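Hi there,

Here is the structure I promised to pass on. Have a look at it first, and then read my notes below.

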4 protein chains.
Amino acid sequence: MTNFVPTPSVAAPDIVRCAYMEIVVTDLDRSRAFYVDVLGLHVTEEDDNNIYLRSLEEFIHHNLVLRKGPIAAVAAFAYRVKSPAEVDAAEAYYRELGCRVERRKDGFTKGIGDSVRVEDPLGFPYEFFYETEHVERLTQRYDLYSAGELVRLDHFNQVTPDVPKGRAYLEDLGFRVSEDIKDSDGVTYAAWMHRKQTVHDTALTGGNGPRMHHVAFATHEKHNIIQICDKMGALRISDRIERGPGRHGVSNAFYLYILDPDGHRIEIYTQDYYTGDPDNPTITWDVHDNQRRDWWGNPVVPSWYTEASLVLDLDGNTQPVIEREEKSEMAVTVGADGFSYTRKTDGDAGPAGEAQGFKLGAQV
Amino acid sequence: MTNFVPTPSVAAPDIVRCAYMEIVVTDLDRSRAFYVDVLGLHVTEEDDNNIYLRSLEEFIHHNLVLRKGPIAAVAAFAYRVKSPAEVDAAEAYYRELGCRVERRKDGFTKGIGDSVRVEDPLGFPYEFFYETEHVERLTQRYDLYSAGELVRLDHFNQVTPDVPKGRAYLEDLGFRVSEDIKDSDGVTYAAWMHRKQTVHDTALTGGNGPRMHHVAFATHEKHNIIQICDKMGALRISDRIERGPGRHGVSNAFYLYILDPDGHRIEIYTQDYYTGDPDNPTITWDVHDNQRRDWWGNPVVPSWYTEASLVLDLDGNTQPVIEREEKSEMAVTVGADGFSYTRKTDGDAGPAGEAQGFKLGAQV
Amino acid sequence: MTNFVPTPSVAAPDIVRCAYMEIVVTDLDRSRAFYVDVLGLHVTEEDDNNIYLRSLEEFIHHNLVLRKGPIAAVAAFAYRVKSPAEVDAAEAYYRELGCRVERRKDGFTKGIGDSVRVEDPLGFPYEFFYETEHVERLTQRYDLYSAGELVRLDHFNQVTPDVPKGRAYLEDLGFRVSEDIKDSDGVTYAAWMHRKQTVHDTALTGGNGPRMHHVAFATHEKHNIIQICDKMGALRISDRIERGPGRHGVSNAFYLYILDPDGHRIEIYTQDYYTGDPDNPTITWDVHDNQRRDWWGNPVVPSWYTEASLVLDLDGNTQPVIEREEKSEMAVTVGADGFSYTRKTDGDAGPAGEAQGFKLGAQV
Amino acid sequence: MTNFVPTPSVAAPDIVRCAYMEIVVTDLDRSRAFYVDVLGLHVTEEDDNNIYLRSLEEFIHHNLVLRKGPIAAVAAFAYRVKSPAEVDAAEAYYRELGCRVERRKDGFTKGIGDSVRVEDPLGFPYEFFYETEHVERLTQRYDLYSAGELVRLDHFNQVTPDVPKGRAYLEDLGFRVSEDIKDSDGVTYAAWMHRKQTVHDTALTGGNGPRMHHVAFATHEKHNIIQICDKMGALRISDRIERGPGRHGVSNAFYLYILDPDGHRIEIYTQDYYTGDPDNPTITWDVHDNQRRDWWGNPVVPSWYTEASLVLDLDGNTQPVIEREEKSEMAVTVGADGFSYTRKTDGDAGPAGEAQGFKLGAQV
């Protein structure tokens, strides 16, 4: 049974958006080759131990910090808040929750000022900051625009065993749910939650956690994502293309999942929809709908369900991973025991006129 | 051992391009819904038993004939020749080969004049014609241009047991090889052969045959193909998306394979390359190169290797299917017994830095 | 000298976004042909006098109302507010400003509930509402997706004589400026102002007003906009393409301006940037920078500067048009008296190596 | 009155396609910056006086030679022929025509073997060759693929005073006409002529000549062309964008015209149509149809009609320019004396419902 996180009495910090992720990589040169040479992220600054990267249209100091370390893991999911005072609000909020909290007036990473980092109730290292160094926004620097250009940080995705618990905690923190995946027994498999006016700033994926499922960057158009695949083929690293490209059912975005040298998963993502209205309709998908994860019914590879990155506590040690107790989405939908349909009722089978709606030969 | 087709003493007919395919469908209404409502092909003419369809930029009467019949099969692979005299040349050529030949001054299908049909040495029903009714070329009818518009017939693909035999026969017929797939033992698994200045007018895929593997239509851009997937998702017929979209290694084209209501396979294809020079370099792919069929290393579903459409003889009976004796591409590359690599040598592993180059979790 | 609008003592209504425009058209059938048949907007409802249209991804009742009337004009620029209470806030705000205000519990148009309409201090008919009928959001209805699909209402654009006055009034109302155009004498020629996290919900263009310059719809990608041009060519109404397509300097969006049968100007727009951070950098363009209006330096046609739609007061009479007293952007940048440059200093002329930076032959 | 070129008694050489252009530039560094750094053409070889460039999908040594020289001009329009023997045929053909002819067994440029250059009957320096060094075809080198990648040489365009004369000469040489522009008096303003299966290998534009109007490179998709504009904007050389982007009426291609540092005009071009059938329909456009040059009715800038590059004789001296005697397309269609229509008859004015079909405000 879910043991919900209590709702604090103080106001939640006013979060603007997901802003950057700090990840630990084991070989900084190889990671640089991946993020800078292959993906074309722009280097704001770098030294022997850290590379600060940003997407084309970003004006804050960075969207991604690569930090050299012994174990590949995630050190921070950082959100920008609306004002300096909201950093105080975040500190108060997590202190009331009884979480471990650390405040640094000069920030945890270069280019970021007064910040608070917490070990949140789900075990994730969350950061909240307002102050940041503004850097050149490269929006119209088309002389630097690569064929697979990444233009914005779009969202985080977190693996957590108890999605309803995590969802309620994030709703208290001010996030709103745009979409989720459930079954008829009431089990929630995943939820998408936003502050900015897109489908999500972060999503919760049910599984053993806390772990980081992926961090996503947006491109302008779909062909930019195809180019990233084509380039990875040319570089003979197509084995680092894990899943896609495809069209998500959830979010409607065109997507691709690739793996960095340490196995950190990166999503490339484009064209979800506006969610800024207060009554933006929440979409609930049936876990057995074979178009929920891929609108074209293409199979989700098992690794996508099972693999994820460890996360660190505030001392830099990896957080222990707790097993999910509820049903696994992979188990209920993929393989011999799983069940997925293309059409809910086959009475109106449509142009294909198939008597049954399974996608044959494509599922593992 | 290959028993080659003899080379006739008379000149081969001068073939311009693949021009249309005649297929037998078991439910004309359902097929119309697929080809017209879903794919947006343009109806030149139709009656109770036949629908004559063309792509946007076509000016001959049709690129596809749907004929109602009891057994789903292919009745003709039709090529256009350079002049009326070349139909005579085709007739003489196949007569010398000892093939069954039928000549009809008024054509076998509406809108096509003087034609010859043959049961060719590989067992396929080939047609050669020059005369055809010109119809409105819809090139600039952007008022009719759908988001997934098919603009040209691009090529046929035929399954035949003995690829070197078929290839030599087609080379005699004037086709040139643009690409092929081989192994280090000298086995040929497939060959791409062209008359017009693209990668192919037809391809030979090694397998039990004669069967029709697919017929391909071209779009202008990649997003047009993505739209076809999106639309099939919206219509809840994503189970008819068999493979893709993806980027081919062979041909470099962006592709998608879908299945019509009878299981006839249609490829949607865009952006291969110019092959018109006499010394156009032939590209040979290693059958174990995991990027040959999909440049991104995504798996080929088994059905794509095993399923294909029967073909008819000139009496309308299905041709018997002869088993391939040589190694099967699926067997040597997919699954427990198969072997594929991403990188030939892993000494220079590149940005991924993987010790081995298999694509994990994605192969069946 | 600017006579600024006073700042009310009561709080401004919390505006979510531009939501719909109500326009009066003189021939409903011809307008329907344009908006539905040519542009593909989706009809939510229609009767003899009104057509309620929405874009693909919209879930509120409409983004555009076509109302039949004797004089082509704009009846309302409607904004959605955050809650029902914000309609009260809007009413109080404009009453304090001394504006004419009308409140209707059942709304001014079908599908919209409790609303307030005002004649605002600049003479524009503004509406504020929260209640609306939710309708099917067609986001994944790719079976309805046309090649030039309009997916969102993006923004309004208003012509007003005194831009600094209008800008201060809209800033009081809670809008934030993303970009503007000025000269070295301190004259402001235009300003872009947003509530949602894009470059604008409305823009102020300096000129004789109050008039409506255009209303803009967004597409997913650039090719969708090109298709609209191609289709208008096919329909032989290319004379209704007024300007573009092109890339804006301001906003960085890819754009097109077309004219409806009454001369109401529609912009089709895609790919501006995220503006949701509180310190989003404001960009100021020099009015003489020839890339400000078109990043490629293509000329702005004079009609784009001079033509605009009349607006109505709350009685349905046209508002009188007041002349701009300050310098006109057209006069200072186009033609014999105007001056524009491509490069500010020609010492570092770059690859073109031109001694001077004017675009020859392309300006009127 | 037209003084036609006689038809030789010997067979015309069998031309495959337009293959490369040799142009003289006055500042090799500035030209390199333009063609390599801005446009991204690939350097096959270079020395102090020459740069040999090719497009992504090319396998012959080069598509463009930049040669340093005192006067900007074109030294050769080079065509590839089908076999070594066809170079002999070309030599014999032009000798019979009484043209000045020069044969070089080692070629006129690096990477090209046995070639013949002629001063052709229209005054153009034409070259014919078969032998060439094969170089790496970069088709799948997506690691080198820039956002505005040029993938093929598409065509030449030549300015000549007497289009019917030039057309007849090129038809004798084996070219076929795909499209032309005429008026009701029988004047021909331009003709498009092909050997390969696209709309043209070269076009004749009526005007003072012999001059080179432009050389065109193809991209894969339309967004690649837009990126070239965006990049030229970013580099502040938008004044080198002469015309476009737009959709041609003739050829249906999406196009852009830009100017190199010497004023040589480059077209970027994509998506014309297949012309390989022997009875490919020829399209004749009315010179007064305002959609012939731009399908969207956007104006052609005067410089596009008047400016062109000089061509050289075989001694390297510029050929004298002979004035066109017939009507000028610019004069009859642009400005106060010109006349163009959008719709031929306005009885069926369509959705725009305009009483007349001129494009207002957009013509010079």
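A salt bridge, as used here, is a side-chain nitrogen of Lys or Arg within 4 Å of a carboxyl oxygen of Asp or Glu. Keep in mind that this is a predicted model.

With that in hand, go to where chains B and D meet. The side chains of B:Arg17 and D:Asp277 form a salt bridge, with N and O 2.8 Å apart. Between chain D and chain B the count comes to eight salt bridges. There are also 25 residue pairs in polar contact across this interface, with both residues at pLDDT 80 or more. Chain D puts 35 residues into the contact, and chain B puts in 35 residues too. About 3,100 Å² of area is buried between chain D and chain B, and carbon and sulfur atoms give 46% of that.

How are the two chains placed relative to each other?

Next, helix α1 of chain B, which covers residues 28–38. At its start, a side-chain oxygen of B:Asp27 comes to within 3.2 Å of the backbone nitrogen of B:Asp29. Among the buried residues of α1(B) are B:Leu28, B:Phe34, B:Tyr35 and B:Val38. After the helix comes B:Gly40, with a positive phi near 75°.

Strand β2 (residues 42–46) and strand β3 (residues 50–54) of chain A pair in the antiparallel sense over four bridges. Three residues make the hairpin link from β2(A) to β3(A). Which residue of β3(A) stands opposite A:Glu46? That one is A:Ile51.

One last stop is D:Ala12, in the segment before β1 of chain D. Is D:Ala12 buried or partly exposed? D:Ala12 has a relative accessible area of 25%, so it counts as partly exposed. Leaving out residues up to four places away in sequence, D:Ala12 touches D:Glu86, D:Tyr93, D:Asp172 and D:Leu173. D:Leu41 is 29 residues from D:Ala12 along the chain, and their C-alpha atoms are 32 Å apart.

Cheers

Notes:
Residues numbered from 1 in each chain as written. Chains lettered and ligands numbered in written order. Predicted model: local features only at pLDDT ≥ 70, side-chain atom pairs only at ≥ 80, totals over all residues. Heavy atoms only, no water. Pairing = 2+ DSSP bridges. Helix = DSSP H or I, 4+ residues; strand = E, 2+ residues; numbered from the N terminus. Buried < 20%, exposed > 50% of the residue type's maximum accessible area, 1.4 Å probe, protein only. Polar contact = N/O pair within 3.5 Å; in protein donor to acceptor, adjacent residues only side chain to side chain. Contact = heavy atoms within 4.5 Å. Buried area = accessible area lost by both parts, 1.4 Å probe.
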